[in-house]
Amino acid sequence: MGSCGIRARLLSVLEYKTEKYIVAKNHWVGLLYRLFQLSIIGYLIGWVFISKKGYQETDEAIQSSVITKLKGVSVTNTSQSGLQVWGPEDYVIPAQGEASLFVVTNSLETHNQKLGYCAESPKVLEGHCQDDKDCGAGRTLMTGNGVTSGRCLRRDGNPPGTCEVFAWCPMEQPFKPKRPLLTNAENFTIYIKNFIQFPKFQFSKSNVLDTSDESYLKKCRYDEELQPYCPIFRLGEITKRAGHNFQDMATLGGSIGIMIQWDCDLDKGYSNCHPEYRFTRLDVSHSDHTLAVGLNFRWNYSSMKGSDRHVLVTFSLFNRHTRYFKDAAGESYRSLFKVYGVRFNIMVHGKAGKFGIIPTVINVGSGLALMGAGAFFCDMVLLYLIKNGISYRERKFESSRHSGHHENEDVDGKETEEQMF
């Protein structure tokens with residue numbers, strides 16, 4: 001008898017059991033279930049597949065290269081420098097070809113500086129003094145321009161004064177420009193060449209029109225509708241699209257962000273992957289009392305007395321490296337320029353998508369799982385939230401009894417369908 005019981009249990013492994021279904025003719029619960037089904041189908045088709053393209057594999061690891069070139073000429077005539085012609089090699093910092101560049105629009109010049117002793121700039125608060133004791137000899141001030149000599153220089157002999165320093169003299173004058181020096185800089189053009197690649201799909205493209213017409217880039221200008229593949233922009237148009245006036249920015253400087261966005265649906269082919277440009281000013285503040293607006297830095301032009309050689313120092317926005325040369329007499333000269341301008345930062349983002357069976361199956365499976373959740377919710381309403389819930393529960397959940405005294409009896413599951421009225 002024991003062996004027969006074991007045999008019956010082993011054979012039960014091969015049996016198939018199905019759920020018991022009850023058709024409940026409750027129109028309100030039926031309507032609720034159909035609405036739930038329609039909502040899931042609408043969400044799956046409209047949001048997951050059409051809006052979010054859930055049937056696609058995506059690649060957001062965009063690889064990008066940006067090359068820039070500026071063109072334009074400006075003529076200035078100042079009392080210090082006289083008549084001067086500015087070309088891209090004069091006003092573009094650093095050398096052309098970078099994804100971040102600085103366009104000089106204004107400058108203040110301090111000519112013919114040479115090493116010697118002079119009063120520290122009044123802008124250096126650490127250099128203010130009442131007498132010589134406040135200026136220890138050999139000290140370097142944190143924001144100063146040289147090494148203190150130990151003397152306190154007072155104008156007309158009255159305190160307060162400023163410490164005498166050994167530095168490049170005369171000091172730069174504390175003066176802010178009232179208008180830009182390069183007044184027509186807004187008409188300069190910038191050519192932005194962008195190459196992108198999505199390595200997952202081995203897809204690459206450029207933002208320049210594929211054409212054999214060599215004169216195309218010489219005569220076109222960017223237009224979102226007519227010329228989307230002509231990446232040549234007027235500087236004034238860029239600042240206008242960012243919501244600001246170029247002449248206002250050119251006086252004290254500023255920073256503009258140029259965002260290139262690539263959203264590519266590769267199922268539609270190569271020709272449906274287009275760049276989109278957005279422009280924003282980066283140095284703005286919501287406060288009316290900020291000191292952060294504007295952009296400037298200093299560089300110098302060194303020359304050697306008695307020599308025809310001139311050296312333009314190497315520089316960047318973050319540090320300066322200078323080399324000085326001396327003539328036979330050991331005397332050096334330089335001209336200091338405090339330059340203002342607009343910095344352009346070019347940032348590239350993108351995402352590509354292409355049909356994939358794995359994300360499609362995953363999203364369809366998720367939708368079917370939500371269908372099951374809808375059935376569970378309607379069961380809870382039917383069994384516990386309506387008046388006849390007890391009757392439904394009695395038919396939904398049944399307990400079966402069988403006797404263990406009969407030998408060679410197989411317990412068969414019986415599927416029933418009952419209609420509730």
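Which residues does Phe49 touch, not counting residues up to four places away in sequence? The close-ups below start there. This is a predicted model, where local features need pLDDT of at least 70, side-chain atom pairs count only at pLDDT 80 or more, and totals for chains, interfaces and linings use all residues. Residues are numbered from 1 along each chain as its sequence is written, and side-chain values use heavy atoms, with hydrogens and water left out.

**View 1. Phe49 and its contacts.** Phe49 touches Leu44, Gly54, Tyr55, Thr360, Asn363 and Val364 (contact: heavy atoms within 4.5 Å). Phe49 sits in helix 2, residues 27-51 (helices: DSSP runs of H or I, at least four residues; strands: E, at least two; both numbered from the N terminus). Its relative accessible area is 16%, so Phe49 is buried (under 20%; exposed is over 50%, partly exposed in between; 1.4 Å probe, protein chains only). Thr360 lies 311 residues away along the chain, yet the two C-alpha atoms are separated by 8.6 Å.

**View 2. Helix 7, residues 357-385.** Helix 7 has 29 residues and reaches 41 Å from first C-alpha to last. That is close to the expected 42 Å (1.5 Å times one less than its number of residues). Its buried residues include Thr360 and Asn363. Ile362, also in helix 7, is exposed at 52%.

**View 3. Leu235 in the largest nonpolar core.** This core has 45 residues (buried Ala, Val, Leu, Ile, Met, Phe, Trp, Tyr and Cys joined through side-chain atoms within 4.5 Å). Leu235 is among those touching the most other members. Strand 20, residues 332-355, gives the most to this core, with seven residues.
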